[in-house]
Amino acid sequence: MTSPALLGSAVHRYGWSFLPNQVLPPMLANTVVGALLYTGYLQTLAMLHEPSARATKRPDPLPPATTTFAAGFVAGTVQSLIAAPLDALQVRFHAREFVDGKYKNMWQYGYLKSREIGARGIFAGWSLSLLRDSFGNAIFFSTFEYIKGQAFYAFVSNLYGQYGNLSGFQQDAIRAQAGGSAGTAVITPHYMIEPTFLLLAGMAASIAQAVIQYPISKLQEIHYGRLEWIDTHPPPSTRMRVGALGLYASAYRKSWKQCLALVRRGGGLTQWLYKDFLMRTITQVPSTSAGLIVFEVIRRKYGGGEDVVKINKDGYDILLV
């Protein structure tokens with residue numbers, strides 16, 4: 001959420017140490033969480049779908065949508081556990097505390113704030129994070145895999161469906177190849193078709209994920225605000241721990257009542273939950289799509305090319321390289 005101009009101004013004022021002290025910690029945290037998410041997804045998918053565990057560029061047969069949904073759900077659950085301390089630190093961040101000199105840098109802030117709120121404060125409200133990350137990433141990965149896989153295969157199969165009526169670049173794609181089934185002709189689809197589907201898959205996955213995560217994030221903002229108030233107003237009692245746990249438990253009920261009041265004032269549940277959804281989603285689609293494209297490119301780069309996938313159609317093979 002920081003513009004390059006603002007970063008440049010901060011470096012000019014505070015020196016280059018601003019980057020490792022203030023920018024690097026959240027960047028590293030975001031990178032680690034993302035790496036764990038994608039690694040968890042690939043490992044879970046390999047366990048649920050044996051062809052996906054092979055070192056090939058593309059699994060054959062493709063994993064069904066239910067399998068990719070389950071793998072994304074597990075990966076999102078793991079991510080929510082790892083990201084819980086980071087979410088807790090993010091919602092409790094106030095720039096004024098840095099301006100007033102309470103914290104010198106983000107490293108110190110993370111250490112001292114974690115000690116201040118403890119494990120109870122870190123995992124308070126985790127159920128909402130679990131709901132957001134598990135279902136959000138389940139939809140995210142299943143949508144991406146389905147469009148770049150099943151939808152792409154179906155499109156190519158229909159596009160080259162009539163061998164005797166091909167024209168234009170389709171004619172140029174036909175070539176004899178020994179790798180064809182029993183020496184039959186082989187068609188190589190146009191090289192731009194698959195990257196186009198990859199881009200569409202990334203965009204669709206980003207939008208589908210936002211449909212799930214955006215309204216839950218609005219609920220989280222309200223609930224985390226209440227939890228932060230509890231952190232700064234501990235119960236004045238010798239039974240502080242029991243009192244704090246009771247406050248955390250009742251916070252869900254109070255947050256729910258506050259959300260209902262906002263819904264009534266906002267013109268309905270859907271209108272309130274998805275207010276400003278379009279603009280927020282548009283800003284997130286490019287970066288999320290780029291991340292998925294890089295993910296797929298690297299997966300293909302380190303996959304072996306021994307098992308070439310062919311779609312048999314009307315007496316010839318469509319070769320997917």
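I call a residue buried under 20% relative accessible area, exposed over 50% and partly exposed in between (1.4 Å probe, protein chains only). My model is predicted, so local features need pLDDT of at least 70 and side-chain atom pairs pLDDT 80 or more, while totals for chains, interfaces and linings use all residues. Numbering runs from 1 along each chain as its sequence is written, and side-chain values use heavy atoms, without hydrogens and water.

**Entry 1: Thr281.** I asked first: is Thr281 buried or exposed? Thr281 counts as buried because its relative accessibility is 6%. I found Thr281 in helix α11, residues 277–301 (helices are DSSP runs of H or I, at least four residues; strands are runs of E, at least two; both are numbered from the N terminus). Its side chain reaches the backbone oxygen of Phe277 at 2.7 Å. Setting aside neighbours within four places in sequence, I see Thr281 in contact with Ile207 and Ala210 (contact: heavy atoms within 4.5 Å).

**Entry 2: the whole protein.** I noted 11 helices and 4 strands. Of the 321 residues, 39% are buried. Among contacts with a separation of 6 or more, 76% join residues 24 or more positions apart.

**Entry 3: lining classes.** Which classes line the second largest pocket? I logged 11 nonpolar, 4 polar and 7 charged residues (Ala, Val, Leu, Ile, Met, Phe, Trp, Tyr, Cys and Pro are nonpolar; Asp, Glu, Lys and Arg charged; the others, Gly among them, polar).

Technical notes:
Polar contact = N/O pair within 3.5 Å; in protein donor to acceptor, adjacent residues only side chain to side chain.
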